[in-house]
Amino acid sequence: MKRLFDPLFLIYCALWCIIHLFRYLHLPVPLLNGYLTDFIAVPVMAHIALTFTRRYLVHNNHYNYPLYYLLFIAFYMSVVLEWIMPQFSSVYTGDTWDVVTYFGGALFYYYVHGKQTYLKHKTRSF
């Protein structure tokens, strides 16, 4: 499970904790409070799911999700959290920018986090 706790994943978790601490203290940072948690949501979920997939399903530490898996996660979150849930609860609000950040997070995970993990594994094999 050490692959779960790579530096980028730890940064995502730290940012989430910091943002929620500032919310708790009633000192929200406007732009970060509204969109950073949405931006890191897909990378966090994808990374946890990918760790499980690598370990228990494909038994291959070099496996990465294709881009369309990550875009599906962003699409699913957009539909559920920005369209369906606001109809049932006042806690949720539909926001187009949240949808943009889900997809931005998916692209970030694929092009930065996923590639970084792939390159680490590739250089270790030499």
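A residue counts as buried when its relative accessible area is under 20%, as exposed when that area is over 50%, and as partly exposed in between, with a 1.4 Å probe and with protein chains only taken into account. The legends below describe a predicted model, in which local features need pLDDT of at least 70 and side-chain atom pairs count only at pLDDT 80 or more, while totals for chains, interfaces and linings use all residues. Residues are numbered from 1 along each chain as its sequence is written, and side-chain values use heavy atoms, with hydrogens and water left out.

**View 1. The protein chain and its four helices.** The secondary structure of the protein chain consists of four helices and zero strands, where helices (H or I, at least four residues) and strands (E, at least two) are DSSP runs numbered from the N terminus. Of the 126 residues in the protein chain, 29% count as buried. Contact means heavy atoms within 4.5 Å, and among contacts in the protein chain between residues at least 6 apart in sequence, 68% join residues at least 24 apart.

**View 2. Helix α2 and its kink at Leu36.** Helix α2, which covers residues 30-58, has 29 residues and reaches 41 Å from its first C-alpha to its last, close to the 42 Å expected at 1.5 Å a residue; the expected span is 1.5 Å times one less than the number of residues. A kink of about 35° in α2 is centred on Leu36, the bend at a residue being the angle between axes fitted to the seven residues ending there and the seven starting there. After α2 comes His59, whose phi is positive, near 50°.

View 3. Leu15 and Ile40 are 25 residues apart in sequence, and their C-alpha atoms are 8.7 Å apart.

**View 4. Tyr65 in the loop between α2 and α3.** Tyr65, placed in the loop between α2 and α3, counts as buried because its relative accessibility is 11%. Leaving aside neighbours within four places in sequence, Tyr65 is in contact with Ala46, Ala49, Leu50, Thr53, Leu70 and Tyr110. Between the C-alpha atoms of Tyr65 and Ala49, which are 16 residues apart along the chain, the separation is 9.6 Å.

**View 5. Helix α3, with its kink and buried residues.** The end C-alpha atoms of α3 are 31 Å apart, which agrees with the 32 Å that its 22 residues should span at 1.5 Å a residue. A kink of about 25° in α3 is centred on Val80. In this helix, α3, the residues Leu70, Ala74, Met77, Ser78 and Glu82 are buried.
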